Amino acid sequence: MTKLNSVKSKLHDEITNYMKNDNKWYEYLVNELPSSWENYNGFLVFSFPSFMSHIWLEAGPGIWQVICKSLKAHSIAIKGRIQNDSFRTPQACLVYGSSPVIMYLDNKIRYSWNVEKTMFSAGNVTERHRIATLKCDNEVIVDLFAGIGYFTLPFLVHANAKLVHACEWNPDAVDSLRRNLRLNKVEDKCIIKEGDNRKVCPKFVANRVNIGLIPSSEKFWKTACEALLPSGGILYVHQNITSRISANKHCDICKMVLKKIGCDLTEKIEISKIILSRNTDFEIELKADSSIAWKHLEWFVFSIHLSHILLNILEIIHNKKWFIIVDEVVKVKSYAPHIDHLVYTVSCKP
């Protein structure tokens, strides 16, 4: 038995025994025992469907004390599904502890947020750490959907960006972002643009633009392209990609480009790097000398869609020809069966 399974098994036994001794155990509650949880320096966050029944609250603070003792924690919040609103507000509630505010140190960066008002995606850790390895000296970054600073802070603290324009329209997230900038002593290197990023995002200023929205960020690609310097730059495009999809779900231009390169949407892609430009029609150059691993055909096909849309946007904005180069594709996490959260690194050059 692995250490995690051993901890989980011990926790389940302690919870069950407590509830039985208190005459509050019902067999259906076994489905609400947690299979995993987030632990932020002793602040535990359990997610749906853990502890969803009213029985747990009726059991009183004793049950939460049992859990905290077992996991060496001090606070507990229960988190439901993210609300279907434009702010992605978490349905979370503090059930034990003195404050809903979490303080968390990750990769030498201090994060703080109110678990009842804003979300923190633990699954984005690989991308937060990857951003921290970039070399952004003397560069200006635009971070769309900045949230509490998931990517803004790594750009400033580790990647050494000169300035970040952080665009965010959730006022609770903006409050946490301001606090986190102060905690990490980089507030003088960040300009917060509060509001709809399509209205507040600065134009023609950025060496790099991060578009950190899933499941799709496509509605905001024009905003990101307008933020880039006229001399070009790099876009980090977040997107959920579903594998095992049919060919008829792709647009006509995608099909035309794919036909030109001899891809029938059924074969395995061996190519690595894509360079898309336009003469009288779309031209594509395929290079096999980079490190992109196209794990699924759909990853490759989406890069074609992304490339021709960005190419069209940039040529309309600047009224001249551009090159679009897909340099890297990184899997952040599996979002659901057959659905992967990816980040496409795209170089855009006139």
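A cavity, on a 1 Å grid over the protein atoms alone, is a set of points where a 1.4 Å probe fits but cannot get out; lining residues have an atom within 4 Å of a point. Grid points are joined across faces, edges and corners, and a volume is the space filled by probe spheres set on the points. This is a predicted model in which local features need pLDDT of at least 70 and side-chain atom pairs count only at pLDDT 80 or more, while totals for chains, interfaces and linings use all residues. Residues are numbered from 1 along each chain as its sequence is written, and side-chain values use heavy atoms, with hydrogens and water left out.

View 1. Searching the whole structure turns up one cavity of 30 Å³ or more. The largest cavity holds about 40 Å³ of space. Its lining is formed by F145, C167, E168, W169, G195, D196 and N197. Three of these lining residues are nonpolar, two are polar and two are charged (Ala, Val, Leu, Ile, Met, Phe, Trp, Tyr, Cys and Pro count as nonpolar, Asp, Glu, Lys and Arg as charged, and the others, Gly among them, as polar).

View 2. Buried means under 20% relative accessible area, exposed over 50%, and partly exposed in between (1.4 Å probe, protein chains only). Helices (H or I, at least four residues) and strands (E, at least two) are DSSP runs, numbered from the N terminus. Two strands pair if DSSP finds at least two bridges between them. Strand 7 (residues 140-144) runs parallel to strand 10, joined by four bridges, and D143 has N210 as its bridge partner. Strand 10 also pairs in the parallel sense with strand 11 (residues 233-242), again over four bridges; there, N210 is partnered by Y236.

View 3. Strand 10, helix 8 (residues 221-227) and strand 11 form a right-handed β-α-β unit. Right-handed means that, with the strands pointing away from the viewer, the path from the first strand over the helix to the second runs clockwise. In the loop between strand 10 and helix 8 sits P215, and the peptide bond from I214 to P215 is cis, with omega near 10 degrees.

**View 4. The surroundings of V95.** Look for V95 in strand 4 (residues 90-96). Leaving out residues up to four places away in sequence, V95 touches L57, W64, I76, A77 and I78; contact means heavy atoms within 4.5 Å. P61 is 34 residues from V95 along the chain, yet their C-alpha atoms are separated by 8.2 Å.

**View 5. S307 in helix 10.** S307 belongs to helix 10 (residues 297-318). Is S307 buried or exposed? S307 is buried, because its relative accessible area is 0%. Beyond neighbours within four places in sequence, S307 is in contact with L276, I324 and V326.

**View 6. Two residues with positive phi.** Most residues other than glycine have a negative phi. N160 is not a glycine, but its phi is positive, about 65 degrees. N160 lies in the loop between helix 5 and strand 8 (163-168), and with a relative accessible area of 38% N160 is partly exposed. H338, also not a glycine, has a positive phi of about 70 degrees. You will find H338 in the loop between strand 14 and strand 15, partly exposed with a relative accessible area of 40%.

How values were computed. 1 Å grid on protein atoms, 1.4 Å probe; cavity = no way out; pocket = protein on both sides within 12 Å on 5 of 7 lines; lining within 4 Å.
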